[in-house]
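Please keep the structure open beside the text while you read.

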Amino acid sequence: MSAPAATSASPATVLAPDGAAQDAVRLVAHARRRPLRRVRAVVAGLAVLAVAALLARTLLGEYTVTVVDFVRILRGETIEGAPGASFIVMEAKLPRAVLGALAGAAFGAAGAMFQTTLRNPLASPDIIGVSLGASAAAVLALTFFDAQGLVLPLVALLGAVGVSLVMYLVSRGTSLAGQRMVLVGIGIAALLSSVIQFVMTRATIQDAQASLVWLTGSLSRATWPVIGLLAVGLLMLLPVLAALVPRMRAAELGDDLSTTLGAPAAGARLGLVVAVAFAAFATAATGPIAFVAFLSGPIAKRLTGGRTSLWAAALVGSVIVIAGDFLGSYLIPDVNLPVGVITGALGAPLMIVAVIAAGRHGKA
């Protein structure tokens, strides 16, 4: 019995792409690789810039340290002729730079995740009440319970999480959950501002001064225990952040389309939980540094050509906070401005520009 003759329309023949189809596939693949290469280049450039900013904040200023001496100090050696150099670097300058880098990264990532998931450029932790939740809890603890040390950031963390839970419970179950969450958050922020002002009228002068410094957003509480608490929190969140990056990209397409593509909107909402945690840890460590979360995402998006990158947003946040702290310390002689004053002064006009631009595109 002879074998059956092969037909001209076998499955392999039908599925094999012809030359034109292969060219089209290569063209699409090339078009997708170009923005990806740009994102990677931007992230790499921002990483170098963040490290340079950290070194500049540590080595420059009124007390300068050479790179060679900095390395020797890190090794535990004492600099001849400058016995106080180790203390200044390891207990003052380096902790501020490291805390600024970590807190800025957390604020930047949180802001980008809020804006991407809710598809609203105005959605950031310092506008929808998350940061104010931490602030209100911290001021209450400072004023009525004399909270100090690591207790204060832990209380602030609970405040931010509590506000986020209220926002989630009020907003869940609706097709406009994202927009509703923004509106609820703005209302809660107004309420918490009133609570903070009321508490301040009942506080002693010393407590009021401590609360005001913390509410402004400052790196003055930069100690290694606080940095360790923040670092541990961020390290726990980083794997979750990496896992949610694909869902964040799908969330930009909207609930219906992302669900159609196999990325349910409910999964993307998990990003809000992580964003709240990032903002809560950062606020607990430094206070609510204004506009860092709000501006980092749009700046990173502009650098990457319109493609969302949480890593780029986090690095932009680090650069903003470190640079702002350096300007606050040395911009005006004999005046040490908290970093929140600098970011607030520069961020307000940029926010107006962002709102106008969003209005032109029908997003706000």
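1. The chain exposes about 18,500 Å², and carbon and sulfur atoms supply 69% of that area. Please bear in mind throughout that this is a predicted model.

2. On the fold, the chain contains 14 helices and zero strands, and buried residues make up 44% of its 364 residues. Among the contacts with a separation of 6 or more, 75% are accounted for by residues 24 or more positions apart.

3. As general background, nonpolar side chains tend to be buried together in soluble globular proteins.

4. Phe114 deserves a look of its own: leaving aside residues up to four places away in sequence, Phe114 touches Arg119, Ala123, Ser124, Pro125, Ile128 and Val130, and also Leu272, Ala275 and Val276.

5. How many cavities of 30 Å³ or more are there? The count comes to one, and the largest cavity has a volume of about 60 Å³.

6. The largest cavity is lined by Pro153, Leu154, Leu157, Val226, Leu229, Leu230, Phe281, Ala284 and Ala285, and this lining divides into nine nonpolar residues, with no polar and no charged ones. Helices α6 (151–171), α9 (224–251) and α11 (265–286) each supply at least two residues of the lining.

Notes:
Residues numbered from 1 in each chain as written. Predicted model: local features only at pLDDT ≥ 70, side-chain atom pairs only at ≥ 80, totals over all residues. Heavy atoms only, no water. 1 Å grid on protein atoms, 1.4 Å probe; cavity = no way out; pocket = protein on both sides within 12 Å on 5 of 7 lines; lining within 4 Å. Points joined across faces, edges and corners; volume = space filled by probe spheres on them. Helix = DSSP H or I, 4+ residues; strand = E, 2+ residues; numbered from the N terminus. Nonpolar A, V, L, I, M, F, W, Y, C, P; charged D, E, K, R; others polar. Contact = heavy atoms within 4.5 Å. Buried < 20%, exposed > 50% of the residue type's maximum accessible area, 1.4 Å probe, protein only. Areas by Shrake-Rupley, 256 points an atom, 1.4 Å probe, with all protein chains shown as cover.
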